[in-house]
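Subject: Structure handover

Hello,

Here is the structure for you to look through. My notes on it follow below.

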Amino acid sequence: MTERSHNYIFLDVDGVLNEHCELPLIHECLANLASVVKATKANVIVSSSWRDFPDMMEILVESFRRFDIEYCGTTEPNHSKGWAIDKFLEDPKDEIRKYAVIDDDYTLKSYFGDHFVLCCSTFDEDAKNRTLALLDQVK
């Protein structure tokens, strides 16, 4: 296990790593995520509804492995995304200093404000750069 920082990424999948909830996951999006994780040593927490489906998580974790993205866990399953992320953030065992919520659901902006990175067309170069800036790792 590599040394981790106190940076966290709460990651959606559909609309972020793929288009229209379809497989396969997009190579460029995974590569962009990998570069953010490498630069920030961020802990990747899956907040996507994929967390509720073991088959989908298996596909995701295997994709992470191919891109050398360390998977660190999920938010609580069977709860709304906003509630589950809030619950994770409140846990005193995780010393979270900086975090980004990466999602294509614009309604989460009202929950997470400046910590929110909207993916209008997947996790493209622009979303990657906004995430790096949010986690203070501007290249």
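Leaving aside its neighbours within four places in sequence, which residues is leucine 23 in contact with? They are Trp50 and Ile59, where contact means heavy atoms within 4.5 Å.

Before the rest, two points on how to read these notes. The model is predicted, so local features need pLDDT of at least 70 and side-chain atom pairs count only at pLDDT 80 or more, while totals for chains, interfaces and linings use all residues. Residues are numbered from 1 along each chain as its sequence is written, and side-chain values use heavy atoms, with hydrogens and water left out.

Leucine 23 sits in the loop between strand 1 and helix 1. Helices (H or I, at least four residues) and strands (E, at least two) are DSSP runs, numbered from the N terminus. Strand 1 covers 7-11 and helix 1 covers 27-40. Leucine 23 is partly exposed, with a relative accessible area of 44%. The terms here are buried for under 20% relative accessible area, exposed for over 50%, and partly exposed in between (1.4 Å probe, protein chains only). Methionine 56 is 33 residues from leucine 23 along the chain, and their C-alpha atoms are separated by 10.0 Å.

What kind of peptide bond joins leucine 23 and proline 24? It is a cis bond, with omega at about 5 degrees. Proline 24 belongs to the loop between strand 1 and helix 1 as well.

Histidine 20 has a phi near 55 degrees, and cysteine 21 has one near 60 degrees. As background, most residues other than glycine have a negative phi, and most peptide bonds are trans. Histidine 20 counts as exposed, at 68% relative accessibility. Cysteine 21 is also exposed, at 57%.

Strand 1 itself contains tyrosine 8. Is tyrosine 8 buried or exposed? Tyrosine 8 counts as buried, because its relative accessibility is 9%. Glutamate 95 is 87 residues away from tyrosine 8 along the chain, with 9.8 Å between the two C-alpha atoms.

Helix 1 against helix 5

Helix 5 is made of residues 125-134, and helix 1 packs against it at an angle of about 15 degrees, with the axes 10 Å apart. Axes are lines fitted to C-alpha atoms, for helices over the stretch in contact, and angles run from 0 to 180 degrees between N-to-C directions. Helix 1 and helix 5 are therefore roughly parallel to each other. In these terms, angles under 35 degrees count as roughly parallel, over 145 as roughly antiparallel, 65 to 115 as roughly perpendicular and the rest as oblique.

Which residues make the contact? From helix 1 they are Glu28, Asn32, Ser35, Val36, Ala39 and Thr40, and from helix 5 they are Glu125, Lys128, Thr131 and Leu132. By type, the residues of this contact divide into 3 nonpolar, 4 polar and 3 charged. Here Ala, Val, Leu, Ile, Met, Phe, Trp, Tyr, Cys and Pro count as nonpolar, Asp, Glu, Lys and Arg as charged, and the others, Gly among them, as polar.

Lysine 128 lies in helix 5 and is buried, with a relative accessible area of 13%. Leaving aside its neighbours within four places in sequence, lysine 128 is in contact with Asn32, Ser35, Val36 and Phe123.

Leucine 108

Where is leucine 108 found? It is in the loop between strand 4 (98-103) and helix 4 (109-112). Leucine 108 counts as buried because its relative accessibility is 3%. Apart from neighbours within four places in sequence, its contacts are Lys81, Gly82, Asp103 and Phe116. Valine 16 is 92 residues from leucine 108 along the chain, and their C-alpha atoms are separated by 14 Å.

Cysteines

How many disulfides does a search of the whole structure find? It finds 0, a disulfide being a pair of cysteine sulfur atoms within 2.5 Å. For cysteine 119, the nearest cysteine sulfur is that of cysteine 120, 7.8 Å away. Cysteine 120 is likewise in no disulfide. Cysteine 119 is buried, with a relative accessible area of 3%, whereas cysteine 120 is exposed, at 70%.

Regards
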